[in-house]
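Open the model in your viewer and keep the selection panel at hand. The tour has two stops.

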There are 2 protein chains.
Amino acid sequence: MIVQKYKDMLQGKSVIRQLSEFATARGQKIGYENVFDFSLGNPSVPVPQEFTDVMIKMLQERDPMELHGYSQSLGIPSVRDKVAASLNKRFGMNYTGNHIFMTTGAAGAIAHAVRCVAQPGDEVLTFAPYFPEYAPYINLTGAVLKVVPADTENFQINFEAFEEMLTEKVAAVLINTPNNPSGTVYSSSTLAKLAGMMEEKQRQYGHDIFLISDEPYREIVFEGVDAPYPSAFYDNSLSCYSFSKSLSLPGERIGYVAVNPKCTDAELISVMCSQISRGTGHNCPPSIIQLAVAEVLDLTSDLSVYEKNMNILYKELTDLGFACVRPGGTFYMFPKSPEQDAVAFSEKAKKYDLILVPSDSFGLKGYFRIAYCIDTEKVERSLEAFRKFVKENY
Amino acid sequence: MIVQKYKDMLQGKSVIRQLSEFATARGQKIGYENVFDFSLGNPSVPVPQEFTDVMIKMLQERDPMELHGYSQSLGIPSVRDKVAASLNKRFGMNYTGNHIFMTTGAAGAIAHAVRCVAQPGDEVLTFAPYFPEYAPYINLTGAVLKVVPADTENFQINFEAFEEMLTEKVAAVLINTPNNPSGTVYSSSTLAKLAGMMEEKQRQYGHDIFLISDEPYREIVFEGVDAPYPSAFYDNSLSCYSFSKSLSLPGERIGYVAVNPKCTDAELISVMCSQISRGTGHNCPPSIIQLAVAEVLDLTSDLSVYEKNMNILYKELTDLGFACVRPGGTFYMFPKSPEQDAVAFSEKAKKYDLILVPSDSFGLKGYFRIAYCIDTEKVERSLEAFRKFVKENY
């Protein structure tokens with residue numbers, strides 16, 4: 001019998017997807033170069049040439065039986081060792097390969113991390129504004145996502161609301177820094193206070209509360225911004241990573257869970273993840289992609305375009321009177337809508353071929369997201385459209 | 001809180017894995033070439049050169065942004081179209097790209113297929129002898145795997161037992177032909193009778209009962225054996241495929257679900273699968289692997305070695321007095337153990353450096369599995385060990 005739950009999900013269409021489809025359709029009419037499509041978080045710079053070279057070299061030189069043979073479901077041991085060594089070097093951690101579980105991107109990483117530490121019925125907290133996919137990611141595990149209201153002052157953490165919601169039912173707290181959609185990076189003092197509060201509640205309730213840290217934008221941090229490593233602040237932490245943004249490889253779906261060596265059952269969690277995989281049908285990522293990223297772990301695409309675009313847009317929008325927390329990283333910004341109804345605002349913007357995502361689906365009303373992972377030339381051309389839009393409407 | 005269910009699973013160690021580890025350890029002592037390791041189903045012939053050439057060409061020539069960019073979670077449309085066309089041509093089906101959902105191998109395919117058609121608590125039937133991973137694959141969805149006793153005469157279907165177990169609670173029936181571990185291929189008359197019985201029960205119970213057909217060995221069929229396509233026999237059918245065996249790509253984890261165009265909600269199932277993916281963290285397989293297999297859909301590795309090995313082993317073992325249903329495909333055979341206790345038999349075989357998997361974990365006692373996906377030269381050298389083993393023990 002067809003399972004109704006998944007059939008019902010087909011009704012709810014993503015706002016981002018709808019806007020992206022609108023942009024594509026509009027582009028077919030007026031030329032896509034004339035649509036200022038700020039809807040999608042798709043990297044706009046190529047993978048480093050070294051990745052391509054490593055892939056070709058392996059295909060040309062390695063024994064195909066060995067290259068394409070079955071790999072361990074936790075990931076290839078040499079790859080896990082290299083990921084651990086790279087994290088240790090960069091963030092002063094003490095991971096070994098045993099703490100790394102290779103995944104098909106951050107979605108795969110979160111799916112495993114949550115199932116490891118939250119039973120069906122348990123609550124998982126996250127903070128507004130948040131990536132809308134967290135709702136299906138968490139709720140389809142059987143756990144229940146609860147959203148802590150935003151700190152609209154600077155998109156750090158609303159600790160008062162957090163403390164109230166951090167009840168005995170909470171099994172895990174899911175953070176995302178640098179953040180989609182706000183572009184904010186959690187400061188050391190935010191992470192220290194978060195960790196302190198969670199530790200206190202762990203003691204009080206007598207059970208573990210895990211920090212699940214979703215970090216696909218970890219490498220996209222702007223000049224002068226301190227981007228501390230969340231797992232360094234809290235023992236019971238699982239770091240979820242994707243190479244999609246740092247290496248511009250979103251279609252190759254490669255990431256990992258890094259299990260804090262100081263967490264409860266630290267040595268068991270990656271092997272537990274491989275048990276979870278048997279049920280979710282998650283296989284470890286393809287051998288060749290694992291082996292290739294392991295050779296370019298300390299490289300990134302040329303990410304400078306994102307900061308350049310942010311500076312241009314931030315200046316123009318604040319000059320035009322938009323209130324906006326200055327992004328510390330990612331390729332998003334999240335200004336306040338000049339009218340209460342961000343959906344109406346986004347509708348009006350479409351008339352100027354500005355494709356802006358209203359904030360409602362991010363768990364906060366009255367803002368909009370700009371994904372500025374597009375060519376700088378186009379960002380510059382969009383400024384006139386922003387000016388006209390504001391002048392004629394607000 | 002660490003979830004105990006997955007922690008508990010760490011206790012149960014796979015017999016196949018244990019034997020494979022024993023073989024590796026023994027190989028370190030006496031040279032692996034002297035261990036007749038028939039434990040693992042890992043292909044022993046390389047991927048076709050065309051696959052490697054296509055991968056290199058894409059990496060050299062295509063725009064990396066386009067090649068590695070985000071793909072649709074159902075799979076790349078052109079790839080889905082090609083898979084549909086290939087199945088239509090070979091099996092006289094009427095799939096369109098909309099009926100194909102790309103997965104990370106057969107495990108991913110089954111995980112999605114089961115979640116589409118079975119609610120937690122529903123029963124899923126399979127037939128002994130069966131691939132032991134079906135237990136976690138099914139049971140971790142919340143559905144309950146029930147095993148129909150074997151037809152030990154010829155490893156087709158024990159219809160009497162099947163009819164008794166095909167109660168109103170059954171949401172799906174999971175088959176695997178050509179079969180791991182028996183090597184048997186279901187005949188047209190078996191599939192027709194299976195379909196007829198399921199249709200009758202659908203009418204009687206007034207609800208759909210889906211056929212989930214796991215077909216990773218579809219292309220490994222021996223001379224003179226008719227291997228009918230299961231979905232051609234039954235409308236409510238989902239075909240689950242992996243390229244692991246046909247293209248010797250097990251580490252690259254690529255496969256699909258093909259939804260019978262005549263099944264209930266045929267147009268919805270692939271999009272339902274992409275909803276399921278949001279919860280399981282299954283992303284579609286990597287773009288580059290999807291695009292590469294789409295170019296070699298009608299090729300296979302040189303699979304002739306498996307038939308050659310089967311003929312050598314089948315002759316020798318039946319000459320030695322083993323009772324064995326002659327395999328019609330795969331790279332497995334499943335002879336009867338000369339003593340009731342197959343575990344004891346397998347233990348004794350180890351003394352002759354013969355690594356044979358006892359049948360108990362396949363849902364049937366008193367048999368053993370030989371995975372003859374190894375070099376023919378080694379198969380030939382193993383015959384003397386088999387002779388000595390039998391002579392000295394039985």
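Start by selecting B:Arg62, in the loop between α3 (49–61) and α4 (64–67) of chain B. Bear in mind that this is a predicted model.

Is B:Arg62 buried, exposed or partly exposed? Its relative accessibility is 31%. Buried would need a value under 20% and exposed one over 50%, so B:Arg62 counts as partly exposed.

Now show the side chains of B:Arg62 and B:Glu66. They make a polar contact with each other, at 2.5 Å.

Move on to helix α9 of chain B, residues 188–205. The helix has 18 residues. From first C-alpha to last, α9(B) reaches 25 Å, close to the 26 Å expected at 1.5 Å a residue.

Colour the buried residues of α9(B): B:Thr190, B:Leu191, B:Leu194, B:Ala195, B:Met197, B:Met198, B:Lys201, B:Gln202 and B:Tyr205. Then look down the helix axis. The buried residues of α9(B) fall within an arc of 165°, so they line one face of the helix.

What does the buried face pack against? Select β3 (123–127), α8 (159–165), β5 (170–176) and β6 (210–214) of chain B; the buried residues of α9(B) pack against these elements.

Turn to the other side of α9(B). There, B:Ser189, B:Arg203 and B:Gln204 are exposed.

Finish at B:Gly206, which follows α9(B) and has a positive phi, near 70°.

Definitions and conventions
Residues numbered from 1 in each chain as written. Chains lettered and ligands numbered in written order. Predicted model: local features only at pLDDT ≥ 70, side-chain atom pairs only at ≥ 80, totals over all residues. Heavy atoms only, no water. Helix = DSSP H or I, 4+ residues; strand = E, 2+ residues; numbered from the N terminus. Expected span 1.5 Å × (residues − 1). Buried < 20%, exposed > 50% of the residue type's maximum accessible area, 1.4 Å probe, protein only. Arc of directions from axis to C-beta. Contact = heavy atoms within 4.5 Å. Polar contact = N/O pair within 3.5 Å; in protein donor to acceptor, adjacent residues only side chain to side chain.
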